[in-house]
Amino acid sequence: MKKEFDIQEYMTKGVERVVADSIKATLKNPKESAFMLKFAASSKAASKRRAELKNNGEHIPPFLIASITSQCNLHCEGCYSRCNHATVDTEPVMQLSGEEWNGIFEEASDLGVSFILLAGGEPLLRKDVIEAASTHQDILFPIFTNGTFINNAYFDLLDRSRNLIPIMSIEGGREVTDSRRGIGIYDRLIRNMDEFKSRGLIFGSSVTVTTQNIDDEDLLFAQKSFITITMAIEYYGMSYKAVNHAADCAGAIQSLESMPAII
Ligand code: SF4
């Protein structure tokens, strides 16, 4: 009989793969690999906790996505968050405080959650929440950022707190990145990457794959030379302009599926 698809098992295996890849990718970096080995032990304990809860009928996902702000300084073409008005230019209303987010992180930890993806808007606008996240060393927090607020204070915080992993959005080379995200963004991201590299910090990129960037040589160069984690995001057009931009990208997505999560 065909085994029923178990979403929880599938996600747990995905987490195990990311942890194993992370350990491999950081072997030559003592500070990073010491943290990753410690995190691997926490992640194993978290899997055990989720399995116990599952036996009691409670299904806990291994990862969460937390959108911690509705504010952002950029207006990228085709931004899904602006398209559905989750990111706006007005002051946030009814935003959770840093303390409330800290409580959520604590609960997540107790339940066996291993990853919390921090998103926005631009999550680095919420330094209070990022600082709260840094104290939960048993949880890995990939931070999906546009990279423009990464200053010395953030470099120091990320250096001290290896459970915070910046994932910077980039579209490929200068032309394609700046035309979608704004003039000067590409150079800013490359400067950030240089600094991360010189400090021995793990970091990643988030790439929205379209037929316009799949063959971009600069993107391939960046992946091979600087970036430790690559996340390929499938593009769904949500406006007339965006639909045109996304046309016929299915083949591009398929060709990225064979890439490892961590390189
Ligand atoms: S940085 Fe992110 S949230 Fe801000 S406009 Fe660009 S895609 Fe949207």
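Let's start at Gly-200: leaving aside neighbours within four places in sequence, Gly-200 is in contact with Asn-29, Lys-31 and Glu-32. This is a predicted model, and its secondary structure comes to eleven helices and six strands. Of the 263 residues in the protein, 35% are buried. Among contacts with a separation of 6 or more, 73% are between residues 24 or more positions apart.

- You will find Gly-200 in the loop between α8 and β5 (204-209).
- Gly-200 has 13 other C-beta atoms within 10 Å, so this residue counts as partly exposed.
- One of its contacts, Glu-32, is 168 residues away from Gly-200 in sequence, yet the two are 7.8 Å apart in space, C-alpha to C-alpha.

**Helices α1 and α2**

- Helix α1 (residues 7-25) packs with α2 at an angle of about 170°, and their axes are 9 Å apart.
- Because of that angle, α1 is roughly antiparallel to α2.
- On the α1 side, the contact is made by Gln-8, Thr-12, Val-15, Val-19, Ser-22 and Ile-23.
- On the α2 side, the contact is made by Ser-33, Met-36, Leu-37, Phe-39, Ala-40, Ser-43, Ser-47 and Lys-54.
- By residue type, the contact of α1 with α2 divides into seven nonpolar, six polar and one charged.

**Lys-38**

- Lys-38 also belongs to helix α2 (residues 30-55).
- Lys-38 counts as partly exposed because it has 14 C-beta neighbours inside 10 Å.
- Lys-38 and Asp-138 are 100 residues apart in sequence, while their C-alpha atoms are 8.3 Å apart in space.

**The largest nonpolar core**

- The largest nonpolar core has 42 residues, and those touching the most other members are Ile-116, Leu-118, Ala-133, Ile-139, Phe-141, Ile-143 and Ile-165.
- Helix α8 (residues 185-198) gives the most to this core, with five residues.
- As background, nonpolar side chains in soluble globular proteins tend to be buried together.
- Not counting residues up to four places away in sequence, Ile-139 touches Phe-105, Ala-108, Ser-109, Val-113, Ser-114, Phe-115, Ile-116 and Asn-163.

**Around the ligand**

- The ligand has these residues around it: Cys-72, Leu-74, His-75, Cys-76, Cys-79, Ser-81, Arg-82, Thr-87, Gly-120, Gly-121, Glu-122 and Asn-146.
- This shell divides into four nonpolar, six polar and two charged residues.

Definitions and conventions. Residues are numbered from 1 along each chain as its sequence is written. This is a predicted model: local features need pLDDT of at least 70, side-chain atom pairs count only at pLDDT 80 or more; totals for chains, interfaces and linings use all residues. A nonpolar core is a set of buried Ala, Val, Leu, Ile, Met, Phe, Trp, Tyr and Cys residues joined through C-beta atoms within 7 Å. A residue is buried if 20 or more other C-beta atoms lie within 10 Å of its own, exposed if 12 or fewer, and partly exposed in between; C-beta atoms are placed from the backbone. Helices (H or I, at least four residues) and strands (E, at least two) are DSSP runs, numbered from the N terminus. Two residues are in contact if their C-beta atoms, placed from the backbone, lie within 7 Å. A residue is near a molecule or strand if its C-beta atom, placed from the backbone, lies within 6 Å of it. Ala, Val, Leu, Ile, Met, Phe, Trp, Tyr, Cys and Pro count as nonpolar, Asp, Glu, Lys and Arg as charged, and the others, Gly among them, as polar. Axes are lines fitted to C-alpha atoms, for helices over the stretch in contact, and angles run from 0 to 180 degrees between N-to-C directions. Angles under 35 degrees count as roughly parallel, over 145 as roughly antiparallel, 65 to 115 as roughly perpendicular and the rest as oblique.
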